[in-house]
Amino acid sequence: MIKMAEQIKVKKQSSIKRNRFLKHFFTYLYMILLSIIIIYPLLITTMTAFKSSDVVAFTLDFSGPWTLNNFKELFTDTLYGTWYGNTLIISIFTMFVQVAVITLAGYTYSRYNFAGKKWSLTFFLVVQMVPTMAALTAYYVLGMLLNGLDHDWFLILIYIGGGIPMNTWLMKGYFDTVPYDFDESAKLDGAGNFTIFWKIVMPLVKPMIAVQALWAFMGPFGDYMTARYLLREEENLTVAVGLQEFISDPKNQQVALFAAGAILIALPICALFFYLQRYFVTGLTAGGAKG
Amino acid sequence: MEKLNPKKTMWLSLIPGLGQLKNGQKAKGIIFLGIFALFIIEMAVFGFNALVGLVTLGTVAGRDHSMFLMVRGTLQFLVTIIFLMFYIVNVRDARKTAEAINRGKDVPKTWKEMCDSLATDGFPYLLTFPAYILMIFTIILPVFVTLLMAFTNYDFNHIPPASLISWIGIQNFHDMFMLSSYRATFGAVFGWTVIWTLCASTLQIVIGIFTAVVAHQDFIKGKKIFGIIFLLPWAVPAFVTIMSFSNIFNDSAGAINIQVIPFLNHFLPVHIPQISWMTDPFWTKVALIMIQGWLGFPYIYVLVTGILQSISEDLYEAATIDGATPVQKFNHITLPAILAVAAPTFVTQYTFNFNNFSIIYLFNNGGPGDVGGGAGNSDILISWIYKLTTGTTPQYGLASAITLIISAIVIAVSLFVFKKSHAFDMD
């Protein structure tokens, strides 16, 4: 009897062990497969950038020869450098103005009670849902009227404005997570409105500001539609639009050149992204919790 | 001190500023009177003509630019609305201040007092002012203009200033739903837009949640490395990856057909033939949905991972003691916790994909083929709008009408969900 009980116990243990093994096996299998699916397209794009310029498509091919010619060609034979500069200017202006505006607005909505607060906050929420980029023709006419077509400032204005409602809402959500007690005690110590904002609350919301800055910065790099529509001259394009021209003609795709250009965009943005990544979770869950 | 008559000061304020002067608020009264005068002058010099222009949209072709008239008129309309809001505030302010004075409260009267009170009470308005100005010019004005454009015949036959544009009522909407050619296109494009939105968003949410739950298990080694890899699709700008995928899915030379499928055929019992990703509408759509799953899951993954970390272990331990299976634990503990926080974000994924122009346009240019009205087989509404306004025979009016329909759908869905998730409870 005792022997049998022990046998059952051993069997049970081995089945637990087997189950655990299967669980581990399938977990790792899934994670590794997913990793391969993610890395494969990125890897072959990266590799192509270092291949000779007559490749027709991205493939996994570790045989050489490797070359840096594509990068050289980008800056000597194409307007890539100019496009990159344009995009940087647009991105940096967009980032600074947008972050300043939404920080002020988000702070106000989080900390003050004033007539029309609830009403205007609902207004933000509804406006945020309007797909503004669909109003392309209106932007185009507005651009003609203000002589803003083909000009950076017009695009910057559109990028900033489009991001305000949604991001003000997110900023407000994040400011709400900073306890009001801090403001109260600072007020008792005689701090004014501005001091409370700048010295007390601001340092605590730096993570969210960093995230917002990154998003505002990445926006112009990623936008194709508005830039394509409002920018006409070759030398005024942004990288997203310019890069597409390398592969837009199906009969003459310069894929190696495209790959090289893509890497130069993706690398710095990836670096910034991972540098700020640790703030994402708090930013997302705190801001997103209330919508 | 004599008692003021709040009603009387309110009536006085029908000319802004007079009521405030009567209340003894000299500085405020003069400023209000000044704003009123400015508006009257603006209206006489510019505004009245602008509003007339909005109604007529020009009378002489070649001289009047109908679209400029529409934009100016719309701007004037907004200015008028803002003035009316000021006007109402002014009337209410006159009555309220009079009542406050009657109750014996101090109200700011001189310049200095007014500036002081502005610095405290006006602080919130001052801080939100830039946001509002920017939104008026970059969102409200374009949206209003689009709204109006949907009721005009602005198209390739009517390009200002050479010819005039005129109001045509609901003709564009009528065409879209009644004209057989447009109706067929609209039906096809709308149908695919809905399927696309549902499939792509659901796929990215499911992969995101599944990956987060799998990767959250305690025993996993190398969590950091996996964490970085899983974030890559989000970190790399989407347009770069979409254009790369467009090359990778190329029918004749792309890596999927040349490398991946032959590789898989080594292991699989069935033989997979080469697939026409770019020329067969069905496979283009399949590829699009898979790519969006690839692009979109990291965002959900990060969000859900954050939520998982906040769920107390005690809950799971208690469930284990009660003999719950892993599936039961997921359904009754994990999933409700995720949905409680992330439901609104999930909805934004659907509204985002509903208008996800980049992937549709950059992957296969909305193609292959043609479903009429300039739209290709994989075009969704937003990319059809883009084609309608950039093609050789632009249809701006019709495109605006479709824009309105898109906006109405997105807003209705979002409002419904936000209402349900109590996002409107702001405190």
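Is the crossing of α6(A) and α9(A) right-handed or left-handed?

1. The model is predicted, so local features need pLDDT of at least 70 and side-chain atom pairs count only at pLDDT 80 or more, while totals for chains, interfaces and linings use all residues. Residues are numbered from 1 along each chain as its sequence is written, and chains are lettered from A and ligands numbered from 1 in the order in which they are written.

2. The crossing of α6(A) and α9(A) is right-handed (the near helix is turned clockwise from the far one by less than a right angle). The axes of α6(A), residues 152–176, and α9(A), residues 206–222, come within 11 Å and cross at roughly 160°. That angle makes α6(A) roughly antiparallel to α9(A) (over 145 degrees).

3. On α6(A), Tyr159(A), Gly163(A), Asn167(A), Met171(A) and Tyr174(A) meet Met208(A), Gln212(A), Ala216(A), Gly219(A) and Pro220(A) of α9(A). The residues of this contact comprise six nonpolar, four polar and no charged (Gly counts as polar, Tyr and Pro as nonpolar).

4. Between the chains, 83 residues of chain B are in contact with 80 residues of chain A (C-beta atoms, placed from the backbone, within 7 Å). Helix α6 of chain B, residues 123–149, supplies the largest share of chain B's side, 17 residues. That side divides into 60 nonpolar, 23 polar and no charged residues.

5. An unreviewed UniProt entry places "domain: ABC transmembrane type-1" at residues 190–417 of chain B; such annotations may be inferred rather than shown by experiment. Over residues 190–417, chain B is 75% helix and 0% strand (DSSP runs, at least four residues for helices and at least two for strands), and the end C-alpha atoms are 21 Å apart.

Methods
Contact = placed C-beta atoms within 7 Å. Axes fitted to C-alpha atoms, helices over the stretch in contact; angles between N-to-C directions. Parallel < 35°, antiparallel > 145°, perpendicular 65-115°, else oblique.
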